[in-house]
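Notebook open, structure loaded. I want to look at the ligand site first, then at some strands.

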Amino acid sequence: MFQPEFECLPTDGLRDLQLQRLRDLLALQWAQVPPMRARLEQAGLHPDDLRRLPDLAAFPFTRKADLRDYYPLGLVAAPRAALRRIHASSGTSGKPTVVAYDQHDLDVFAEVVARSLHAAGARPGMTFHNAYGYGLFTGGLGTHAGAERLGLCTVPVSGGGTERQLDLILDLQPEVIACTPSYALVLAEGFRRRGVPPGDLSLRCAVLGAEPWAEKTRAAVQEGLGVTATNIYGLSEIIGPGVSNEDAREQRGSYLWEDHFYPEIVHPETGEPLPDGEWGVLVLTSMTRTALPLLRYWTGDITRLLPEANSTGRTVRRMDIVRGRSDDLIILRGVNVYPTQLEAVLLTLGHVSPHYHVVLTRSGTLDDLTLQLEVPQASAALRGEIERQIKAQVGVTVRCELCDPGSLPRSEGGKLRRVTDHRPPR
Ligand code: DLL
């Protein structure tokens, strides 16, 4: 473990530390972030009203729209001259939101990424092929700094240029790779095409995240690259990658670094806190950030907290996979569906590849979902079986379209969009 003094803090001590750090964050916002102070005053709240952890539920959420409203740096608590880096969220619609870090924030960022990489199986002295995009996206530079903190030798290859990536992996013999799960599949296909068996690759651990993925993809990456693949989660508004990571020995939920990020799961519509174990929207407070402290940030990501005992000795809670974003939710004839639920069904049907794409259309007033899938050999029987399984397991009627291997869109290094929505706005 990289920092057992925090990762294994006895639960009472952890809760005390969180309460103290949440109070510090409220005091910082009250003193340094006028729009957030005004918001608390309007709600009749004062930082001293946080006496116990459950009191937090009375405090307002912060949303992406707040970062847009105060674009670019209106929610920053540190003086401009103290800032050391700016990143931006990938924002698929409208203006991006920018986020700022001072030196303290960059230190926290490196620390939580180092913990995450260590949990993923990386050890000092290993070589690290970093295929997350470098630039405004937090993936590249964020994992880079954490890898240096841990003591890895980083190859900052960034995204894209697949043939060169394959060459570099063969030439430099890295043990650790980080990229999006969809890009890991592209690299695995590349090696297969070149006739390089997974057993001949130096890679041991893959740290995959930035987009939803499920077990089907994990199995394909592990088999294709000869690695143990773990999930890394994070978002720019809170810090970037490194909010949580699975342990390579377990691969059962991602340890959330709760001494820095306070997690809550809330009901997607009412915002009411939900107990551990229930699915809802993840809300995070970045307790130790000093340039951009955010209170109860509504991530929009649907997951649940897993409080059960674990085999690693850590006391921080784990989070399950992100099923999707509350805004990725497809409501198909009244039934809620996330693309990862469809992926989970494909997992049960061994012969289907992890490449799939969802197309939404509308005929008249009814929405239709077409699930495009790559299969080695299409047949009406297979199509019928997949459609039946999805109906049985997810409760929706979908049309399945079986496509030739290699015909569906592939990741070019960045986040892969799994859904194309052709529905006109209602
Ligand atoms: O994607 C940070 C990151 C970089 C995480 C590299 C992991 C690895 P943003 O561009 O701000 O930051 O996008 C954040 O991506 O709210 C989720 O919806 C999604 N996301 C991130 N990690 C995962 C994951 C980076 N492991 C948004 N599983 C988040 C599912 C993820 N979704």
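This is a predicted model: local features need pLDDT of at least 70, side-chain atom pairs count only at pLDDT 80 or more; totals for chains, interfaces and linings use all residues.

Started at the ligand. I find a backbone N or O atom of Ile232 at 2.7 Å from a nitrogen atom of the ligand. I'm calling that a polar contact, meaning a pair of N or O atoms within 3.5 Å; within protein, one must be able to donate a hydrogen and the other to accept it, and residues adjacent in sequence count only if both atoms are side-chain atoms. The side chain of Asn231 also puts an N or O atom 2.7 Å from a ligand nitrogen. For Ser236, a side-chain N or O atom sits 2.4 Å from a ligand oxygen. I looked up the cover too: the protein takes up 95% of the 590 Å² of accessible area the ligand has on its own (Shrake-Rupley method, 1.4 Å probe; for residues, only the protein chains shown count as cover).

Numbering runs from 1 along each chain as its sequence is written, and side-chain values use heavy atoms, with hydrogens and water left out.

Next, the shell. I get 21 residues around the ligand, with Asn231, Ile232, Ser236, Asp301 and Lys415 the closest (the cut-off is a heavy atom within 4 Å). Which element gives the largest share of the shell? It's β7, with five residues. Both α6 (138–150) and β7 (228–235) supply at least two. Helices here are DSSP runs of H or I with at least four residues, strands are E runs of at least two, numbered from the N terminus. By type I log nine nonpolar, eight polar and four charged residues (Ala, Val, Leu, Ile, Met, Phe, Trp, Tyr, Cys and Pro are nonpolar, Asp, Glu, Lys and Arg charged, the others, Gly among them, polar).

Then I checked β11. Is this strand, residues 280–286, buried or exposed? Seven of its seven residues are buried, so the rest of the structure largely encloses it (buried is under 20% relative accessible area, 1.4 Å probe, protein chains only). β10 (261–266) runs antiparallel to β11 and is joined to it by six bridges, with Pro263 partnering Leu284. β12 (297–303) is also antiparallel to β11, over four bridges; there Val281 partners Ile302. For strands to count as paired, DSSP must find at least two bridges between them.

Last entry: an open sheet of four strands, order β20-β19-β18-β21, mixed pairing. β20 (399–403) and β21 (419–421) are the edges, each with a single partner strand, so one side of each has no neighbour in the sheet.

Definitions and conventions: Buried means under 20% relative accessible area, exposed over 50%, partly exposed in between (1.4 Å probe, protein chains only).
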